[in-house]
Amino acid sequence: MLTDNLQHNRTLHILFLSIVFVCSFFINNNVLLSDIMESRNLITAREMVSENNWLVPTMNGELRLEKPPLPTWIAGIVEYVSPDNIILQRCMSGLAACLLVVFVYLLACLLTQSPVYALVSTLLLCTSYNIILMGRTATWDIYCHAFMMGAIYYLVKAFRLTEQRKSYFLYAGIFLGLSFLGKGPVSFYALLLPFLCSYAIVYRKGLKGKAGGIIIMAVTCLILSCWWYIYIYVFHTDMASYVFHKEASAWTNHNVRPWWYYWQFFLETGIWSLLTLTALAYPYWKKRVEYKSSYLFSLLWVVFMLFFLSLLPEKKTRYLLPILIPCALMMGHILLYWMTCVKNMKRGDKIVFCINTILILIAVLVLPVAAYLFLFSKGDMGVTMFIVTIIGCLLFAFWMIRSIRKTEAFSFLLAVTALFMFIEIFFMPYLRDIVHNKDFNSISAVREMPALKDLQFYTPEKESMRIEMVFEAYRTILNLDTDDKNTVINRLPFVLVSHYPAEEILPDGWEEEMEIELIGVYDNNRWPKNHRRYTSGFINHVTVVKKK
């Protein structure tokens, strides 16, 4: 059978995972709307290229030293090669996501010597909600965790050898340094520290005779991690000190949530949320799973990660991205148990299997209904595509029903993976239509206007300009004291971007020395006016102000 060959043939693993990678991270990656984080990152990369300043990043003309530069350098190279190419920028994040998943596959093989378990775990990871999201947007979190997984993989290889292999420690040090240059200590705290705690408890590997390798790793990591910070501190001491204290303060004063804020962590796995909770039942599974130490290790990794993240006052759901890694490894053991004990599965195990799979089956059957309500009935989906959706979902439902009836866990996993690939290929383009503002009129139109090309853009300093508008306009938009007439006159001619008409913004008596030309009123709200997310912050008047 094809499924049997796929389970045990590592060459097929590579080919199949490559196809999954393409669908999960690359196909239709221009569909998702740019959010505030992506806008900040790409503006920084854009200015890095336009100002030819690769060591001291700026964002909208101001120093941006809060984030280390490695992902910005990657985005800057892409911007240099292909300016304003959001698809290619997101492909870089997709490559980082692929790197992360590959190291998870290699780590799973290393822990269990089972390629089947490794394939199952990585498929679970590739079909988890948050990993798909982060692999499709040009944000920096995916980079630091991908590099950290490389460090963890080589650390495990080094720990498991009786003799000292300094090369593994060197590779671990390189990846640790790259992770720090990706987003500072974030992945060290969120991913590495919980890993070390759980690994030490379960495997208790000694470090005797490996001091030299550890020193090499530490020195390599320090060199790669610290050189940029030292450079910034030497040449921008005051700003570096300010940013350090601001970032330290943010961890305790910004987005403060209660310690139980992450109790819904299992939802980050998306369709596997129930399976994540099921896999946490250690007393039930400890005598059933084949690789008991590896299962306990992955479960403790999840627990320690939740514990350490919950200690921090600042909490955001995107900080839960790394928890998908041990969750996938943990769930992989449960799925592997269902795969290997088909003939001897007890009644209780069958009930647990059916509950987990039937709920996913119901979700698949609901998809055509959702497509009708949100797309077809509103005219955003054609008849042909709606029919394809119905037929596709029925075929996947039939595949799942067959897998559930025969208790074929691997076949069910393949059905879910194929369903995700179907959605990513055919459904992703329709996501833009679900969020629809009929009055949408993007400020990005100013990019194509030759009359504005050589003019500086300003915004009133008493207004708050959303950074997404800077990204869409593809221009630096500086603050301007519009109450000071002399300051305004000295900047003429310029383009004013404001929430209110220029007549209400410019200083008294402006008519005597200036004239204005309204270019347009732009509404960048993706949500309709009656939606709670609709905000006046996305509405801007663009006006040319010049001398009479």
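**Grounds for the terms**

Reply: In this predicted model, Gln89 counts as buried because its relative accessibility is 5%, and the term applies under 20%.

Me: Where does Gln89 lie, and which residues does Gln89 touch, not counting residues up to four places away in sequence?

Reply: Gln89 belongs to helix 5. With residues up to four places away in sequence left aside, Gln89 touches Leu42, Ala75, Val78, Glu79 and Ala138.

Me: Why is helix 5 called roughly antiparallel to helix 6?

Reply: The axes of helix 5 (residues 86-112) and helix 6 (residues 115-126) cross at roughly 150 degrees and come within 8 Å. Angles over 145 degrees count as roughly antiparallel, so helix 5 is roughly antiparallel to helix 6. The crossing of these two helices is right-handed.

Me: What classes of residue make up the contact of helix 5 with helix 6?

Reply: Residues of helix 5, including Leu100, Val104 and Thr112, meet residues of helix 6, among them Pro115, Leu119 and Thr122. The contact holds twelve nonpolar and two polar residues, and no charged ones.

Me: What makes helix 9 and helix 10 oblique to each other?

Reply: The axes of helix 9 (residues 166-183) and helix 10 (residues 186-203) come within 8 Å and cross at roughly 130 degrees. Roughly antiparallel requires an angle over 145 degrees, and roughly perpendicular one of 65 to 115; helix 9 and helix 10 are therefore oblique.

Me: Which residues of helix 9 and helix 10 meet?

Reply: Leu176, Ser179, Phe180 and Lys183 of helix 9 meet Val186, Ser187, Phe188 and Leu192 of helix 10. By class, five are nonpolar, two polar and one charged.

How values were computed. Residues are numbered from 1 along each chain as its sequence is written. This is a predicted model: local features need pLDDT of at least 70, side-chain atom pairs count only at pLDDT 80 or more; totals for chains, interfaces and linings use all residues. Side-chain values use heavy atoms; hydrogens and water are left out. Axes are lines fitted to C-alpha atoms, for helices over the stretch in contact, and angles run from 0 to 180 degrees between N-to-C directions. Angles under 35 degrees count as roughly parallel, over 145 as roughly antiparallel, 65 to 115 as roughly perpendicular and the rest as oblique. A crossing is left-handed if the near helix is turned anticlockwise from the far one by less than a right angle, and right-handed if clockwise. Contact means heavy atoms within 4.5 Å. Ala, Val, Leu, Ile, Met, Phe, Trp, Tyr, Cys and Pro count as nonpolar, Asp, Glu, Lys and Arg as charged, and the others, Gly among them, as polar. Buried means under 20% relative accessible area, exposed over 50%, partly exposed in between (1.4 Å probe, protein chains only).
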